[in-house]
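Trainee: Please give me a close look at a single part of this model. Keep it brisk, and state the cut-offs as you go.

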Amino acid sequence: MLQGLAQRWKNWKQPSLMRRLLMAQMAVVALLWTMVIALLLYDSYEDPELLKYDKIFNTVLAIAQNMSGQPAAQQQTLAAFDAALLETVGDGDAASDSAPVMQVWQGDRLIYRSTAAVPVILNTALNRIETVRAGDREWRARTLASTTSDTRVMLAEPSVWRLTVTVMYRGFYLLPLVISLPFLIFPAWLSVRVALRPWRQVSKETSERGPADLTPLSYSPPHKELQPLVQSINSLLQRVRDSTSRERSLIADAAHELRTPLAAMRVNVEALKEQTTDEGQRELMGNLLRSNDRAARLVGQLLQLMRSDAVSGHGLPVMLALDALVQDRLAMIEGLASARSIELELVCDDHVPVLGERESLMSMIDNLINNAIKYSPEGATVVVRVSREGAQAVLRVTDRGPGIPGALRERVFDRFFRSPDQSQSGSGLGLAIVKSVVDRHGGEVALDEAPGGGLVATVRLPLAGADAPQHLQFG
C-alpha cells in the first residue's frame, strides 16, 4: 500500500502539461473573477448606485416634510423606509460595516439617522457626491435639500476600501471561487484533452514505430504549433535514414572487398601447406586457414546482415512454403551436423505458407540451425519443428547446448554481442540477422530454456493469406 502511495505521489510530482494547462485555466478564471470584483468595487466608489437616484432622496424629503407635525409617525416611517433601503442593497443590518447610512435634517436639527454608531456626515456642497471623513472612516456621501423647505437628506456608502474588506471578510470573493472551481475542473480537463488530441496522435504514431522504421510520419497536422515538431521529427528520421544507408553501404562495400583477398590468402596458404613437410609450419598454416575461415564467415554474415536490412524494390515478397524451405536447408546443412556427430530431427506440418523473401528466410533458417549445431555437444540431437498455430507459421529449433541466461536473451539479438560465458567462437551476428529478417516479415522471435536443458528458438511469422495483420517492410 505504501509503495502504491509512493508511486502515485511520484506520478503527481512529475511535471505534466495537462496539469499545467488546467492550473493555467483555473488561474485565468480566478484572475477574471478578481478583475470583475475590482471593477464592481471601483464602479461603486466612483458612481455609488444608491446615491445617484434622485427619487430616493425626494421620497425621504416628502416623508419628512409631510409628517413634520407627527414626530413619532415620522420617525417610524423613516425607519421603515430605511429598512427597505437596506434590504434593497442586500444588507439588513444597519450596524454593518458595509451598510449605507441615511441622515435627515430639518433646519439645524438632526431628526433621523440610521445608526448612532456613525457620526454626523456633512457634505461641503449640496447635490454632489463627495468623499467625506467621519470619525475614523471615509464615506462616499451626497446631500440633497428640499426646494420648498429647510429639510435635507444625506445618504452615504462606505469607501471602496471598507467595501473591499467587507467583501473579503464575508466570502463574497472566495466563496464563488470555492464553489465554482470544482465544477469547472472537468470541463477544463475535457477541453484541454480534446485540444491535445492532435498531439496525442503524433505521439501515438511515434511510439508505435519500430527501430527499423525510419519512414516519415504519415500524420500531417494542420495546426501551426504541431507542424514544426512533425517537420523536425521527419527531418531527423531522414538524417538517420541517410546515415544508416551510408553505414550499410560502407559495410557492404568493405565486406565485398574483403572477400577477394581472403580467398586469395586461403589459396596461397593451402598451396604452401601442401609444399612443406615441416610439421611446425603445417600447424601454423592450419591455424592461418582456421582464422581465414572465421574471417570469411564474418564477412559472409556481414553481407547477410546488410541484405536482410536492405529495403529495396528488388525484395518483393513471394509465396513460400516454410516447411519445404526448412527441409531444403536441413539437407544443405546435413554435412556440417555429421562432422560433429549431431543428429538433425525434423517434425513438420504440411503446407505452411508464408509471404516473404526466399534469400533472407534461408539466411534466418541457416543461422538458427547452425547456432544449434555449434553449441550442442557431440552426439546430441537438434530438433527442428515447423507447424501452424492459428494464423501463424511457427519454426522452433531446440538444441542441447549450454543455453543463454534469461537476463541476456534480449541482448543477444544486438549486433556483435555475445554471451560472456560462451566458449565457442563467433561474430555475434547470427541472431542479429535472424532478428532483422523476422522483423521485416512482421513476425516475432523468442529464446527460451528448453525442457531438459538447452535452448529453444521460436520464430512466429504470419501465415500467407491469413487474417492476421502482416507488417511486411519490403519495397
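Mentor: Helices (H or I, at least four residues) and strands (E, at least two) are DSSP runs, numbered from the N terminus. On that basis the protein chain has 12 helices and 12 strands. The model is predicted, so local features need pLDDT of at least 70 and side-chain atom pairs count only at pLDDT 80 or more, while totals for chains, interfaces and linings use all residues. Residues are numbered from 1 along each chain as its sequence is written, and side-chain values use heavy atoms, with hydrogens and water left out.

The part to look at is an open sheet. Five strands form it, in the order β7-β9-β10-β12-β11. Its pairing is mixed; two strands pair if DSSP finds at least two bridges between them. β7 (343–348) and β11 stand at the edges. Each has a single partner strand, so one side of each is left without a neighbour in the sheet. On average, neighbouring strands here are turned by 15° against each other, direction ignored. For such angles, axes are lines fitted to C-alpha atoms, for helices over the stretch in contact, and values run from 0 to 180 degrees between N-to-C directions.

Now the pairings. Strand β11 (residues 444–449) and strand β12 (residues 455–462) run antiparallel, joined by six bridges. Within that pair, L447 has A457 of β12 as its bridge partner. The two strands form a hairpin with five residues between them. In the turn, G452 has a positive phi of about 85°. On to β10, which pairs with β12 in the antiparallel sense over seven bridges. There V394 has R460 of β12 as its bridge partner.

Helices pack on this sheet. α10 lies across β7, β9 and β10, and runs at about 175° to β7. α11 touches β7, β9, β10 and β12. Its direction makes about 25° with that of β10. Touching, or contact, means heavy atoms within 4.5 Å.

Buried means under 20% relative accessible area, exposed over 50%, and partly exposed in between (1.4 Å probe, protein chains only). The largest core has 42 residues. M364, L368, I369 and L395 have the most contacts inside it. Two or more residues come from each of α10 (322–339), α11 (358–375), β9 (381–389), β10 (392–398), α12 (430–440), β11 and β12. α11 gives the most, with eight residues.

Take L395 as a probe of the packing. Leaving out residues up to four places away in sequence, L395 touches V326, M364, I365, L368, V384, R385, V386, A457, T458 and V459.

V352 sits in the loop between β7 and β8 (353–356). At 0% relative accessibility, V352 counts as buried. Beyond four places away in sequence, the residues it touches include L320, L322, V386, A393 and L463. V352 and V386 are 34 residues apart in sequence, yet their C-alpha atoms are 7.8 Å apart in space.

A second, separate core has 19 residues, among them F57, V60, I63 and L144. The charged end of R142 sits over the ring of F57, 4.9 Å from its centre. That label needs NZ of Lys or CZ of Arg within 6 Å of the ring centre and within 35 degrees of the ring normal.

Strand β5 (residues 151–158) pairs antiparallel with strand β4 (residues 137–145) over seven bridges. A hairpin of five residues joins β4 to β5. Strand β1 (residues 101–106) also runs antiparallel to β5, through six bridges. R152 in β5 stands opposite W105 and opposite A145. Seven of the eight residues of β5 are buried, so this strand is largely enclosed by the rest of the structure.

Last, the whole chain. Of its 475 residues, 37% count as buried. Among contacts with a separation of 6 or more, residues 24 or more positions apart account for 63%.

Notes: A nonpolar core is a set of buried Ala, Val, Leu, Ile, Met, Phe, Trp, Tyr and Cys residues joined through side-chain atoms within 4.5 Å.
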